[in-house]
Amino acid sequence: MLFAQTILASVNPAPPVIPDKIFNVQNYGAIGNGVATNTAAIQAAINAASTADGGVVEIPAGIFLCGPIQLASKINLHLEAGALLRMLPLEKYPGGTVSPQSFISGDKLHDVAITGGGAIDGQGAAWWPFAKTSPGARRPKMISPSNCEHLLIEGITLSNSPMFHIAIGGKCQDVIVRGVTIRAPASDDPVLPSHNTDACDVKGKNILIQDCDVSVGDDNFTCGGNTSDVLITNCHYGFGHGVSIGSYTQGGVSNITVVNCTFHDTEAGIRIKTDRDRGGFVHDMKYLNLSMTNVGFPILIYASYMAKEKQFRDLTKLTPEIVASYPAVSVSERTPIYRDFVFSNITATVQSGRRAGLIWGLPEMNVTNVLLENVNITADKPFGIFNAQNVRVVNSQIQTAAGRNKISSTNAQIIVE
């Protein structure tokens, strides 16, 4: 318990401070009948609360259709139990697939919250096919604040966003995402696959992701460069691409802790990806007390995300010989650097035909300082460790068809204890 408390204390974002005066959207003309468009009414309630120096913009039970709205500082958009805020459908959404705005957004704000027992529905099914059939088509994000301080998203249920569900960008600081449920079909769903429906994308500093339940069609969580001091704890992840970092890591990513989380049917549990033209310094990463069942990759760390040659794209079939043929290039300011990773108390079962994990550095910039301690993985194919130095495997059971702790490696310094 003291260990967990120490981790929680290391990332302790200050919550927003918001006046408790209520601004019910129905008093500004909103109608929750699932038919009326309520964009102007809900925005009027937000504007009124902002003019009054902040307050709670309350959405009561009902189905409220709405287009893009802008938050303001010292506002809590609160969805009561039974409230459903529904994005306008594709054919009515302002800007369509040419220039749609994010559904809920705001820039350079402070003390902002989206809370309650209600839900937000993105009606994304009509948007998803455009990602493959019309690559230039644009789709709106569901919740997309940027450059904000003291931000809270708590308790709500988000589903079927046209694109990302939560995308917190810019230089955000003191962010809490807690008790949020996020749902979209898997990207390989045989009936209606979703596309790029990331659950929670965050960029900034001092970020807490806690008690969330996520199953989507892309990254379950992801962050890019200029991100540090992140704690992800007590979350459950289903379909999706895992708890990810990248692919753009310029500006660096550091001090990320993932603890006491579960994964089931997830494409990857831990996933860190980048490439030579988009890399930065990724370091001080801790993954602790994780349980994974039927995942594609329990641990996946590599720096060749954009490799075009087929032999380098199929990560399950990589061999030491294939990796040895990957060409080295000169080190530049965008060369990915991976250093100081801890994986401790992790149990995983892997999908049929897949490997136990992969750590693959570049020939010109190896992954360094990796500890796998009390890691127990059952898989068909061995763990691959390529272009990596000072990798310690301590008190671990990586069981594959090749035997216990049979690691596939090249250009790697590995100590098994």
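**Figure 1. Overview of the predicted chain.** Of the 417 residues of the chain, 56% count as buried, where buried means under 20% relative accessible area, exposed means over 50%, and partly exposed lies in between (1.4 Å probe, protein chains only). This is a predicted model, in which local features need pLDDT of at least 70 and side-chain atom pairs count only at pLDDT 80 or more, while totals for chains, interfaces and linings use all residues. Residues are numbered from 1 along each chain as its sequence is written, and side-chain values use heavy atoms, with hydrogens and water left out. The chain contains 5 helices and 32 strands; these are DSSP runs numbered from the N terminus, with helices (H or I) of at least four residues and strands (E) of at least two. The radius of gyration is 22 Å, close to the 22 Å that the globule rule gives for 417 residues, so the chain is as compact as a globular protein of that length. This radius is taken over C-alpha atoms, and the globule rule is 2.2 Å times the number of residues to the power 0.38. Along its principal axes, the C-alpha trace spans about 65 × 50 × 40 Å. Among the contacts with a separation of 6 or more, 70% are accounted for by residues 24 or more positions apart; contact means heavy atoms within 4.5 Å.

**Figure 2. The aromatic pair of F312 and Y326.** The structure holds 9 aromatic pairs. F312 and Y326 form one that is edge-to-face, with 4.8 Å from centre to centre and 90° between the planes. Rings of Phe, Tyr and Trp (its six-membered ring) pair if their centres lie within 6.5 Å; planes under 30 degrees apart count as stacked, over 60 as edge-to-face and the rest as tilted. The pair links distant parts of the chain, 14 residues apart: F312 belongs to helix α4 (residues 310–313), and Y326 to the loop between α5 (320–324) and β26 (337–350). F312 counts as buried because its relative accessibility is 4%. Y326, at 9% relative accessibility, is likewise counted as buried.

**Figure 3. The stacked rings of F341 and F343.** The ring centres of F341 and F343 are 6.3 Å apart and their planes stand at 20°, so this pair is stacked. Both F341 and F343 are buried. Together with Y287 and Y338, these two residues form one aromatic cluster.

**Figure 4. Surroundings of S408.** S408 is found in strand β32, which covers residues 408–416. With a relative accessibility of 17%, S408 counts as buried. When neighbours within four places in sequence are left aside, S408 is in contact with P320, R355, P382, F383, G384, I385 and F386.

**Figure 5. Surroundings of G179.** G179 is placed in the loop between β14 (166–178) and β15 (181–183). Its relative accessibility of 29% makes G179 partly exposed. Apart from neighbours within four places in sequence, G179 has contacts with G155, I156, Q210, D211 and C212. The C-alpha atom of G179 is separated by 20 Å from that of P60, a residue 119 positions away along the chain.

Figure 6. Most residues other than glycine have a negative phi, and most peptide bonds are trans. The peptide bond from G246 to S247 is cis, with omega near 15°. S247 is located in the loop between β21 (243–245) and β22 (253–264). D111 is not a glycine, yet has a positive phi of about 55°. This residue is found in strand β9 (residues 110–116), and D111 counts as buried at 11% relative accessibility. N260, also not a glycine, has a positive phi of about 55°. N260 is part of strand β22, and at 35% relative accessibility N260 counts as partly exposed.

**Figure 7. Surroundings of S254.** S254 lies in strand β22. The relative accessible area of S254 is 17%, so this residue is buried. Beyond its neighbours within four places in sequence, S254 is in contact with T227, S228, D229, H283, D284 and M285.
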